[in-house]
Number of protein chains: 2
Amino acid sequence: MSSFSPGVFGFTDTPTAEIDRLESFYGPLAESVRRLVDVTIRTDVDEETIRRATAEIEAITAQLEKQVAEGPAGVHFNTDGRSWQWGNAAVGLRNAVAPPMEVRVEDGVARAEVVLGAAYEGPPGMVHGGISALLLDHLMGVTASTTNPERRRPTMTGTLTLRYRRPTPLGRVRLEGWIEREEDVKTFVRATIGDEEGTTIEAEGVWIVPRWARERFAPRDPAA
Amino acid sequence: MSSFSPGVFGFTDTPTAEIDRLESFYGPLAESVRRLVDVTIRTDVDEETIRRATAEIEAITAQLEKQVAEGPAGVHFNTDGRSWQWGNAAVGLRNAVAPPMEVRVEDGVARAEVVLGAAYEGPPGMVHGGISALLLDHLMGVTASTTNPERRRPTMTGTLTLRYRRPTPLGRVRLEGWIEREEDVKTFVRATIGDEEGTTIEAEGVWIVPRWARERFAPRDPAA
């Protein structure tokens, strides 16, 4: 994956305690931005208040910009096995675009529950079909990479097919993903998203171990 | 679509000049929030500055919350044919989750060009595959609904299949969508997203006229 920017992927020697310390204030910052994103859509205050808020937001951005990392946040691991991908559009702790979704893996199933507000709208009052696709794609990638305890490995989306059975209302949604089968570097995954009344969208797809990871994470030959 | 919240979808008598006036300050507010979302991911300032920024953002949110619309922004039209969906997750003017993408339709092709920064990351340095799915889903919906001038009508995603050929680098991306064929209430759409070197993801799917729109937007029977 030669197009990865240097330094944005890989192992670092940052201790876990330092990651926890950083998350203790990066997390609340991003949460405050998520609430601002929501109210930016729904506010009905007068023009003057909006213009003043705009100027104040620009001043805060200028403060935060005084020292910034070049480029995006990347994906990192430390020697304890802790990993963080703070900028990820689906799960990033520091990314106000992300709800953020938290994926739990148990007994071969990846699950997530997330409350989607006004910022995730498509059809009126409904989750944007593409936001459901974003969350499903991410959860299915986690499913492919981590739900088989004997075969944890990096994977990338190969194909993804979504069947929209009915609109997904904004509010609480639940996702579930599981491995259907595995063939060499390919993992076939299924998943659903839905509300309290059941599944709204069914998904299936193929996740593939990228070339750069194949030597390190090659499936063991059972005959060897 | 009985689950639509009342008042969030439909015609209003708000004049176009008033919509333009509102957009003249709602647009800059959301733009300032987009820059804040980006710097929230990339800032490297000290803890105290972060904590102060968090408190200031909360104060701004409290100001904007003094008067808010209940529920999400919805989709609106006025009697001039102007439409606005300010909260839309892909194209909403007031939604900092949206880049926002602007879709142009010409000669039967829907096109968009959008610059995706740190907030849209998946694999390190790359656009999240689910963000590409979000943009493709939205562009293909516009394609299904509007590129055939004789058959403009509301549509909802039925199925969507994405083939990921290679990762899409963060930066400028281009999308194109076109109708492959139409059958009664179904429109078969194809689309691509890519960078300067060509297509990174191919998409195809079926868009369906929702039941509530079928009477009003029924396809004309050519034999009638």
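1. Starting with chain B: β4(B) and strand β5 (residues 109-116) of chain B pair in the antiparallel sense over 3 bridges. Strands count as paired if DSSP finds at least two bridges between them; helices (H or I, at least four residues) and strands (E, at least two) are DSSP runs numbered from the N terminus. Glu106(B) has Val109(B) in β5(B) as its bridge partner.

2. A word on ground rules: this is a predicted model, where local features need pLDDT of at least 70, side-chain atom pairs count only at pLDDT 80 or more, and totals for chains, interfaces and linings use all residues. Residues are numbered from 1 along each chain as its sequence is written, chains are lettered from A and ligands numbered from 1 in the order in which they are written, and side-chain values use heavy atoms, with hydrogens and water left out.

3. Now the big picture: 12 strands make an open, antiparallel sheet, ordered β4(A)-β5(A)-β7(A)-β8(A)-β9(A)-β6(A)-β6(B)-β9(B)-β8(B)-β7(B)-β5(B)-β4(B). At the edges sit β4 (104-106) of chain A and β4 (104-106) of chain B, each pairing on one side only.

4. Helix α3 (residues 129-146) of chain A lies across strands including β6 (156-164) of chain B, at about 135 degrees to β8(A); contact means heavy atoms within 4.5 Å.

5. Elsewhere in chain A, β2(A) and β3(A) form a hairpin with 4 residues between them, and Gly81(A) in the turn has a positive phi of about 90 degrees. His76(A) stands opposite Trp84(A) in β3(A).

Definitions and conventions: Axes are lines fitted to C-alpha atoms, for helices over the stretch in contact, and angles run from 0 to 180 degrees between N-to-C directions.
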